[in-house]
Structures are given as structure tokens and as C-alpha cells.
Number of protein chains: 2
Amino acid sequence: MNKLLPEKQLPQILNTETLAESRLFRVESLDLEFSNGEKRTFERLRGNRPGRGAVMIVPMVDENTFALIREYAAGTHNYQLGFPKGIIDIGETPEQAANRELKEEIGMGANKLINMKSLAMAPGYSSSSMHILLAHSLYPEKLDGDEPEPLDIIHWSVNNIDELLQRDDFTEARSVAALFLAQQILKTQNDT
Amino acid sequence: MNKLLPEKQLPQILNTETLAESRLFRVESLDLEFSNGEKRTFERLRGNRPGRGAVMIVPMVDENTFALIREYAAGTHNYQLGFPKGIIDIGETPEQAANRELKEEIGMGANKLINMKSLAMAPGYSSSSMHILLAHSLYPEKLDGDEPEPLDIIHWSVNNIDELLQRDDFTEARSVAALFLAQQILKTQNDT
């Protein structure tokens with residue numbers, strides 16, 4: 001248990017090819033040879049804005065309350081609750097991107113940002129990765145975003161996390177993971 | 001706080017068009033008109049195996065230990081730790097799919113499966129959804145999978161979750177969320 005795991009030899013990439021491409025997405029085929037000699041062709045998805053990464057922020061409006069946004073989700077064609085998030089602009093650190101997104105999406109900046117973990121969306125076929133940050137010591141500052149309609153901002157008590165988890169409009173895996181990561185840190189802070 | 005949220009009027013889908021397509025993926029453009037009259041074109045990603053959905057399973061090998069698998073992830077080109085998962089085959093319930101995936105990936109079936117929550121991967125641009133199940137009362141039964149090389153199976157203590165979360169090869173948002181969802185249920189079971 002919790003042993004150091006043995007090193008694995010990565011498969012060799014014999015060839016890659018672009019299969020399909022749009023403004024935002026590129027589908028790539030990947031010819032692989034595994035270390036046991038087995039050959040396979042996988043498909044993977046690349047963002048067309050490589051290397052930039054993204055951020056998601058759990059904003060604490062006071063020590064017992066966090067802010068959620070509600071916005072239209074085109075993938076599922078419904079309104080979803082989740083944490084503010086966005087792409088890191090060129091030249092920004094994750095913390096700078098987080099602060100800008102907070103100003104755009106909830107009209108607040110943060111004096112304290114803690115980078116909790118980087119989460120992958122679906123490492124089996126996507127390179128997409130997101131820094132998950134906890135934001136404290138907020139202050140009012142509004143930047144204009146590019147949303148088609150105003151976002152709903154919803155304050156939620158840390159004492160009612162179960163109720164949030166039971167909602168069928170709070171389902172994004174990264175928001176669920178972010179909520180638990182934040183809860184863990186908040187508990188540690190309150191215990192000390 | 002925790003108020004019933006007001007109903008939102010969904011944007012109207014004026015037109016959809018396939019922009020790019022491969023064996024596994026289809027990129028679609030979506031012309032939308034929001035209820036305030038604002039028009040936007042979004043891109044979204046559809047799986048080319050519609051409506052089937054997927055499962056991820058947290059398998060408890062005893063009351064204090066769960067099993068992880070380690071496998072090659074083509075999206076990030078590294079080996080990742082995570083929970084067993086897979087696509088629901090036609091005609092299967094989520095529970096049947098979970099049981100089959102467990103037999104293929106860790107050589108165990110489960111007598112007890114609890115459907116904890118459905119998680120979306122990235123609702124903003126994907127319809128992909130995954131049932132997250134907790135599996136108890138395991139018994140040995142092996143089915144052949146289609147993996148290019150044998151999966152590593154790793155047993156991990158529920159008392160060492162922090163160590164797992166700190167690893168940079170345990171990053172998939174759905175596995176992280178699944179771990180916390182399972183922990184929450186296990187705590188409730190142990191408290192009663």
C-alpha cells in the first residue's frame with residue numbers, strides 16, 4: 001500500500017495525423033507501439049489553443065460562503081451551476097487569470113489565491129488541464145466579460161454542500177472535485 | 001442561500017452543423033439566440049456513440065481499501081492512476097456495465113453497487129456524462145478486456161487519500177470527484 005510505484009516504459013509514438021479540425025478542436029490519430037510490442041491506433045483531442053491551460057476558482061465571499069455562477073452549457077443544452085472558470089490568456093500566470101476571471105464573472109478580485117491542484121478533463125483522449133484555485137479576501141472590482149447574457153451569481157453555504165451535490169444542475173466533474181478540494185482546505189484551516 | 005433558483009429560459013437553437021468528424025468524435029456548430037435576443041455561435045463536441053453514456057467505479061476490496069488501475073493515457077502521453085471505467089454497451093444498465101468493467105479491469109465482480117452521482121465532463125461543450133458507482137462485496141471473476149497491455153492494479157488505503165491527491169499521476173477530475181464521493185458515503189456508513 002502506498003508503495004512507490006514501479007516506473008513504466010511509455011509506448012512509442014510511431015506516427016500522428018490530424019483527422020479533423022475546427023476553430024476550437026483538432027482530432028488527431030496516434031499510432032502507438034507499447035513496450036510489449038502491441039500496436040494500436042488511438043484518437044485524441046487537442047485544443048486549438050495549445051499550451052495555455054485553464055483555471056477554475058472557488059471564491060469564498062466570507063469564511064462560510066462560496067459563490068457559484070449559473071450559465072448556459074451548450075454541451076448539455078441546459079443551465080449549469082459551477083465555479084467561475086476560463087482560459088489562461090497569453091502572458092498570464094494561473095493566479096492572474098483566476099483574478100481576471102473572478103472580476104469578469106462575479107465582479108470581485110481576490111487578495112489571496114491558493115493553487116490547490118491541477119485536474120485533467122479526460123487524460124485518456126485529451127490534454128486539457130485546469131488549475132483549481134481557492135480565492136480568499138475578495139474585494140469588489142468588475143471587468144467586462146464576453147458572456148452573451150449576464151451570469152447568475154449564487155451564494156452557497158459550506159454547511160449545505162450535500163444539498164448542492166444532490167442537484168442535477170451541479171454535475172461538472174471539475175466543479176465537484178473543486179468543491180471537495182476547497183472543503184478539505186477549509187476544514188484544515190478551521191482545525192488549526 | 002439554498003433558495004429555489006428561478007427558472008431560466010433556454011436559448012433557442014437556430015441551426016446546427018457538423019464541422020468535423022472522426023471515428024470517435026464529431027464537432028458541431030450551434031447557432032443560438034439567447035432570451036435577451038443576443039445571438040452567438042458555439043462549438044460543441046459529440047461522441048460518435050450517442051446516448052450510451054459511461055461508468056466509473058470505486059471498488060472497495062475491503063472496508064478500508066479501494067483498488068485503482070494504472071494505464072497509459074494518450075491525451076497526456078503518460079501513465080495515470082484512476083478508477084476503472086468504460087462505455088456502457090448497448091442493452092446494459094449502468095450497474096451491468098460497471099460489473100463487466102470491474103471483471104475486465106480488476107478481475108472482480110461486485111455483489112453491491114451504489115450509483116452515487118452522474119458527472120459531466122465539460123458541459124460547456126460536451127454532452128459526455130458518466131455514472132459514478134461505489135462497489136462493495138467483491139468476488140473474483142475475470143473477463144477479457146481489450147487493453148493493449150495488462151493494467152496495473154493498485155490497492156490504496158482510505159487512510160492515505162491525501163497522499164493520493166498529491167500525486168501528479170492522479171489528476172483526472174472524474175476520479176478525484178469519485179474518490180471524495182466515495183469517502184463521503186464510507187464516512188456515513190461508518191458513523192451509523
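Analyst: In this predicted model, copies are superposed by least squares on the C-alpha atoms of residues with pLDDT of at least 70 in both. Residues are numbered from 1 along each chain as written, and chains are lettered from A, with ligands numbered from 1, in the order of writing. Local features need pLDDT of at least 70 and side-chain atom pairs pLDDT 80 or more, while totals for chains, interfaces and linings use all residues, and side-chain values use heavy atoms, leaving out hydrogens and water.

User: What makes the two copies related as by a two-fold rotation axis?

Analyst: Chain A is brought onto chain B by a rotation of 180° with 0.0 Å of shift along its axis, at an RMSD of 0.0 Å, and the two copies are therefore related as by a two-fold rotation axis. Ala177(A) is the residue of chain A that comes closest to this axis, its C-alpha lying at 2.2 Å.

User: How do you know that the copies meet through the same surface?

Analyst: Of the interface residues of chain A, 100% are also interface residues in chain B, so the copies meet through the same surface.

User: What makes a set of residues a nonpolar core, and which members touch the most others in the largest one?

Analyst: The set must consist of buried Ala, Val, Leu, Ile, Met, Phe, Trp, Tyr and Cys residues joined through side-chain atoms within 4.5 Å. In the largest such core, which has 60 residues, Phe66(A) and Phe66(B) touch the most other members. A second, separate core has 15 residues, among them Ile69(B), Leu102(B), Ile106(B) and Leu151(B).

User: Why is Lys103(B) called buried?

Analyst: Buried means under 20% relative accessible area, exposed over 50%, and partly exposed in between, with a 1.4 Å probe and protein chains only. Lys103(B) has a relative accessible area of 14%, so the residue counts as buried. Lys103(B) lies in helix H1 (residues 94–105) of chain B and, leaving aside residues up to four places away in sequence, touches Met108(B), Gly109(B), Tyr139(B), Glu141(B), Lys142(B) and Leu143(B), where contact means heavy atoms within 4.5 Å.

User: Why does Glu38(A) count as partly exposed?

Analyst: Its relative accessibility is 33%, and Glu38(A) therefore falls in the partly exposed class. Glu38(A) sits in the loop between S2 and S3 of chain A and touches Leu32(A), Glu33(A) and, in the other chain, Pro148(B), not counting residues up to four places away in sequence.

User: How do you know that S1(A) and S2(A) pair?

Analyst: Strands are DSSP runs (E) of at least two residues and helices runs (H or I) of at least four, numbered from the N terminus, and two strands pair if DSSP finds at least two bridges between them. S1(A) and strand S2 (residues 25–33) of chain A have eight bridges in the antiparallel sense, and in S2(A) Ser29(A) is the bridge partner of Glu17(A). They belong to an open sheet of three strands in the order S1-S2-S3 with antiparallel pairing, whose edge strands, S1 (12–21) and S3 (39–47) of chain A, each pair on one side only.

User: In which sense does S9(A) pair with S4(A), and in which with S8(A)?

Analyst: Strand S4 (residues 54–62) and strand S9 (residues 129–140) of chain A pair in the parallel sense over six bridges, with Ala54(A) opposite Met130(A). Strand S8 (residues 108–120) of chain A runs antiparallel to S9(A), joined to it by eleven bridges; Ala110(A) has Leu138(A) as its bridge partner in S9(A).
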